[in-house]
Amino acid sequence: MTDIPQKFLNAGCDVYMVMQLRHDEKNLDERFASMRELHRRGKTPDPEHYEVTYYADLPTMWQDVPDNEVLEELFQMFNLSRPQDFEGHSLSVSDVIALKRNGEISVHYVDSIGFKELPGFLDKQPERPSVLMNLKEKCDDPECNPTVCRKVRAEHEL
């Protein structure tokens, strides 16, 4: 489902996407954590920690229903009568639901009570510097080839 976020962003109709935390030791303390608990730990939901577990068109019967009611309907659906092709766990605190309605995108954190909007959640770019930049930081000799140089700056300055 790695191409789903782009498919979601490019969709020409009303769609939704469910995202759940990856099974990774790095984010165990985020699993099932309320927004208040995350903030207390100095964290915010990080899109890099999530994977898409479901993507579908929004039912047309929800076309004129406000977002908060659609979110409640989805919460009920993914807990009481989950789609057969859904492979995630029941919708719970720390999950994320993205809606695209009438071309407008909104992303919502499933909190202990209700949903908290996450503006810009899907806009975040990974904050990983390139490998070449990491290597170049180790050595600033102009003739240095960062892909093969293993020296740190201090060694070049000798």
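Begin with the contacts of the whole protein chain (contact meaning heavy atoms within 4.5 Å): among those with a separation of 6 or more, 60% join residues 24 or more positions apart. The model is predicted, so that local features need pLDDT of at least 70 and side-chain atom pairs count only at pLDDT 80 or more, whereas totals for chains, interfaces and linings use all residues. Residues are numbered from 1 along each chain as its sequence is written, and side-chain values use heavy atoms, with hydrogens and water left out.

Next, colour the chain by secondary structure, where helices (H or I, at least four residues) and strands (E, at least two) are DSSP runs numbered from the N terminus. The protein chain holds 5 helices and 5 strands, in the sequence order α-β-α-β-α-β-β-β-α-α. Of its 158 residues, 38% are buried, that is, under 20% relative accessible area with a 1.4 Å probe, protein chains only.

Now select strand S4, residues 104-110, in which 5 of the 7 residues are buried. Strands pair if DSSP finds at least two bridges between them, and S4 pairs with S3 (residues 96-101) in the antiparallel sense over 6 bridges. Zoom in on leucine 99, which stands opposite serine 106 in S4, and then on the hairpin turn of 2 residues between S3 and S4, where asparagine 102 has a positive phi of about 55°.

Finally, move to S5, residues 115-117, which pairs with S4 in the antiparallel sense over 3 bridges. Here glutamate 117 in S5 is the bridge partner of histidine 108, while glycine 114 takes a positive phi near 80° in this hairpin, which has 4 residues between its strands.

Conventions. Buried < 20%, exposed > 50% of the residue type's maximum accessible area, 1.4 Å probe, protein only.
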